[in-house]
Amino acid sequence: MASSDKDLVPVLDKDGVRLTVDDAIATVTLTNPAKRNAQSPALWRALTEAGRQLPGSVRVVVLRAEGKSFSAGLDRQAFTPEGFDGEPSFIDLARGSDAELDATIAEYQEAFTWWRRSDIVSVAAVQGHAIGAGFQLALACDLRVVADDVQFAMRETSLGLVPDLTGTHPLVGLVGYARALEICVTGRFVTAEEAVNTGLANVAVPVGQLDDTVRDLVSAVLAAPRDAVVETKALLRGAQDRTYEDQRGAERQAQARRLRDLAGVGD
């Protein structure tokens with residue numbers, strides 16, 4: 001995937017984001033290694049657009065980044081009075097009404113939400129620094145394969161802010177409240193070993209093996225029938241919000257749908 005996606009005609013290529021599609025596999029690549037793939041509102045809009053442009057044939061979406069860092073987080077230019085060209089600065093946003101500020105943050109969050117869709121499995125391939133918004137973008141995916149040089153950090157609290165790009169829910173779900181709180185309020189680095197040991201990452205490999213490992217994982221996902229994968233993802237994602245008995249019922253309903261489909265019997 002590190003090289004093959006460049007051989008495909010991009011479906012989208014703008015503002016530091018490239019989307020390519022090869023039948024059932026889509027690859028979203030962060031393409032600004034000179035700035036360590038720092039993020040901006042324009043990049044977030046491009047990520048949102050990438051999600052909307054996925055063809056129905058896509059079953060797996062791989063998120064990767066060019067260069068030594070996955071993403072160094074929010075571009076610090078956002079905190080300057082000038083902000084980004086053509087964009088309101090964060091200072092300007094802070095002066096707006098509560099409704100305007102809420103709507104703007106909600107728009108930013110859209111770049112991080114579509115990775116959880118039941119009809120796809122999203123896999124983040126993470127190397128080097130994944131800080132702040134970069135950490136949250138990796139957390140937006142279903143699965144994380146990391147290089148042994150990865151360094152996750154949630155630095156928002158250290159800057160007087162809070163993580164607001166949908167990362168808090170998956171972080172608590174993966175590592176628990178106490179560890180999530182400690183990671184966020186200290187802003188410390190989480191290494192590859194800790195990431196795997198705490199469930200934050202599925203596997204860690206030498207950086208040179210990252211793409212091959214992701215490719216093998218994607219192949220394994222695609223080996224299972226699509227409808228069964230979709231049902232299983234929905235079943236597991238809903239488990240944390242259901243009681244044990246409710247989950248039993250959800251399993252029965254999902255299995256009934258699968259059996260009827262396999263038998264060619266309508267509902």
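## Charges

Lys and Arg count as positive here and Asp and Glu as negative, while His and the chain ends are left out of the tally. On that basis, this predicted model carries 28 positive and 38 negative side chains. The centres of the two sets sit 3 Å apart.

## Overall build

Along the principal axes, the C-alpha atoms take up a box of roughly 65 × 45 × 35 Å.

As for contacts, take the ones with a separation of 6 or more: 68% of them pair up residues 24 or more positions apart.

## Surface and burial

Of the chain's 267 residues, 46% count as buried. The accessible surface is about 13,000 Å², and carbon and sulfur atoms own 53% of it.

## Nonpolar cores

The largest nonpolar core has 50 residues, and Val28, Leu47, Trp115 and Phe152 are the ones that touch the most other members. Helix H4, spanning residues 133-140, is the top contributor to this core with six residues. There's also another core lying apart from it, made of 14 residues, including Val62, Val121, Val145 and Ala147.

Now for a look around Val28. Setting aside neighbours within four places in sequence, its contacts include Val17, Arg18 and Leu19, then Leu47 and Ala50. The run from Val61 through Val62 and Leu63 to Arg64 also touches Val28, as do Trp114 and Trp115.

How values were computed. Residues numbered from 1 in each chain as written. Predicted model: local features only at pLDDT ≥ 70, side-chain atom pairs only at ≥ 80, totals over all residues. Heavy atoms only, no water. Buried < 20%, exposed > 50% of the residue type's maximum accessible area, 1.4 Å probe, protein only. Contact = heavy atoms within 4.5 Å. Areas by Shrake-Rupley, 256 points an atom, 1.4 Å probe, with all protein chains shown as cover. Charge placed at Lys NZ, Arg CZ, Asp CG, Glu CD. Core = buried A, V, L, I, M, F, W, Y, C linked by side-chain atoms within 4.5 Å. Helix = DSSP H or I, 4+ residues; strand = E, 2+ residues; numbered from the N terminus.
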